[in-house]
Amino acid sequence: MSSPDPETRSDPQPVPAAAGSEAPRLRTHPITPLVTGWKVVVGVVAVIAAQNVARLLDDFTVTRALIGAGLLVAAIVIAILLSGISWWFTSYAVDDGGVSLHTGMLNRSREYAPRARIESVSVERPLLARLLGLAKVRVEVAGGGESYLDIQYVKSAAAEELRQQILGVADPSGAGTARSARVAASSQGAIDAAGEPRDAAASGTLPADDDGPTDPATSGTIASILYDGVTDGELIAQVPTERLVRSLLRDIGFLIGIVVSIVGVAVAIALAIWQDGLNVAMFIALAPTLITVPKYVFGRIESGWGFISRITDRGLRMRRGLANTRTDNIASGRIQRFELRRPRLWRTPGWTAVSVTVAGIEDDDENGAANVLPVGTRAELSATLGHLAAPLGTDDDLAALEHLITAPARQIEGIRTPARLFWIARRTEVTILLPGAVIHRSGILTRKVEIIPRERIQQVELHDGPLARRLDLLDLEVRIAGDSLRLSGIGRDDALALHGVLARDARTLRRYRDRAHWPAPALGRAGGAETPDPAADVQENR
């Protein structure tokens, strides 16, 4: 895929191409130093103020205030200059092989994201960058830890073009288009055990709510601006502000967190007053503690504010955020694990939150890509899982999941701990093995259903100990890419039987289903050896 002509791009500044590379290296927007430089200044001022706030207030004079203001201006100028130098020696390039980022003045470094390892591309707009019409493009790369490459900052319109370009490089064959045809056909219902979409009316899936999402794509240009251009593709979910606020007021865990935070702040203020008395310096020193509750509340609100998701030929595309907005792409084939969460007070309206574990993306923040549905209706849950989840192997997957998340644990058939010592777990936790997935149900105030597709299992471990041996129990840990599920206190016979089934899945399902995509050795092809049939291998190992 050819790179865009630098003359047609308004913000990137072209630099000479690297030796042996045909793609031009581009610089980010020229005002990037203004967006990145202020962080250094704020950090320095915060450290100085936190350590010397009492002395600064006691020795305050107009002359010293002017000197401090002059030093602050000098620090700002120096920070911007240093950021400007860093910007000048930073460039990026996109070619048929992947994405590269070049940084450094004296010590040059090059980060490279090969196209075969690009997992997703997100566009983030922090508050200051958003006010200036800029955005950051993050390229998630398969690997452990913080495996990503950031291109910051470019104009918002250029960021969308760059996102499309990188996605085109990552999937040059257009396989996503064929995949979108299949998921579009399943938008009205679940997927049956054979992997084919079912019609909602015929399958008896959950009915749509009366307040179902209204497609903002039909609202014109204003909607496109408000939703950062996420108006293409089939609408899956849209969270209105009223539902978001009501869901927070009905979330017992969220309310308990607020109460605990307020009590903690009150205790900290009381101790400070008791030790040092009531003064302005005390409140300045406690400023980080005082903003804990507002920050916690605002973080929960921002994680679902303006949330909208659409299915496109590149997978699920999401947008969320109030002050800091971001858009993310998740391909269904990269999802390793699902978690459905329903607090007790969400059961009446039937709301559910869905989060996922994606290979190569470690984003545990509530405002991150892993949160694919902050608070969804039954219809939105049906659409989201219908496009992302692999078949579970039941007659009606969505009805089965609804039963698992609503029914008391004692009414669910499955594997549970036999030990009377773990009386809470006996009444709240149960493990179910279905043809397509292993599912774990848990939770008291908030019920959780964790789903791991059996073809995603990479490793299965048994854990034993003195107490477990005395109680005739074992712990079973199911590992997938980037996460694991630990099933504690299972009866020894049940644990061994489940380990045998899942270990066979780890050896065969993932390996042989992916074998068709393995690169064939050139010498093997030249020797005329017959290519093995993956389907035959699967049947043989079963």
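**Figure 1. Helices α9 and α15 in a nonpolar surface patch.** α9 (252-276) and α15 (423-428) each supply at least two residues of the nonpolar patch. Helices here are DSSP runs of H or I with at least four residues, strands are E runs of at least two, and both are numbered from the N terminus. The patch covers about 590 Å² and is made by I256, V260, W423, I424, I444 and L445. Patch residues have over 30% relative accessible area and no salt bridge; nonpolar side chains (Val, Leu, Ile, Met, Phe, Trp, Tyr) are joined within 5 Å, like charges within 9 Å. A salt bridge is a side-chain nitrogen of Lys or Arg within 4 Å of a carboxyl oxygen of Asp or Glu. Areas follow the Shrake-Rupley method with a 1.4 Å probe, and for residues only the protein chains shown count as cover. I256 lies in helix α9. I256 is partly exposed, at a relative accessible area of 43%.

The model is predicted: local features need pLDDT of at least 70, side-chain atom pairs count only at pLDDT 80 or more, and totals for chains, interfaces and linings use all residues. Residues are numbered from 1 along each chain as its sequence is written, and side-chain values use heavy atoms, with hydrogens and water left out.

Figure 2. Helix α2 (residues 62-88) has 27 residues. From first C-alpha to last it reaches 39 Å, close to the 39 Å expected at 1.5 Å a residue. The expected span is 1.5 Å times one less than the number of residues. Buried residues of α2 are A79, S83, G84 and W87. Buried means under 20% relative accessible area, exposed over 50%, and partly exposed in between (1.4 Å probe, protein chains only). I76 also belongs to α2. I76 is partly exposed, with 35% relative accessible area. I76 and L34 are 42 residues apart in sequence, yet 9.5 Å apart in space, C-alpha to C-alpha.

**Figure 3. Helix α4 and its buried residues.** Helix α4 (residues 156-170) holds 15 residues. Its end C-alpha atoms are 21 Å apart, which agrees with the 21 Å it should span. Its buried residues include A158, L162, R163, I166 and V169.

**Figure 4. An open sheet of 6 strands.** The order is β15-β14-β13-β18-β17-β16, with antiparallel pairing. β15 (371-376) and β16 (430-433) stand at the edges with a single partner strand each, so one side of each lacks a neighbour in the sheet. Two strands pair if DSSP finds at least two bridges between them. β17 (residues 437-442) and β18 (residues 446-453) pair in the antiparallel sense over 6 bridges. V438 stands opposite I452 in β18.
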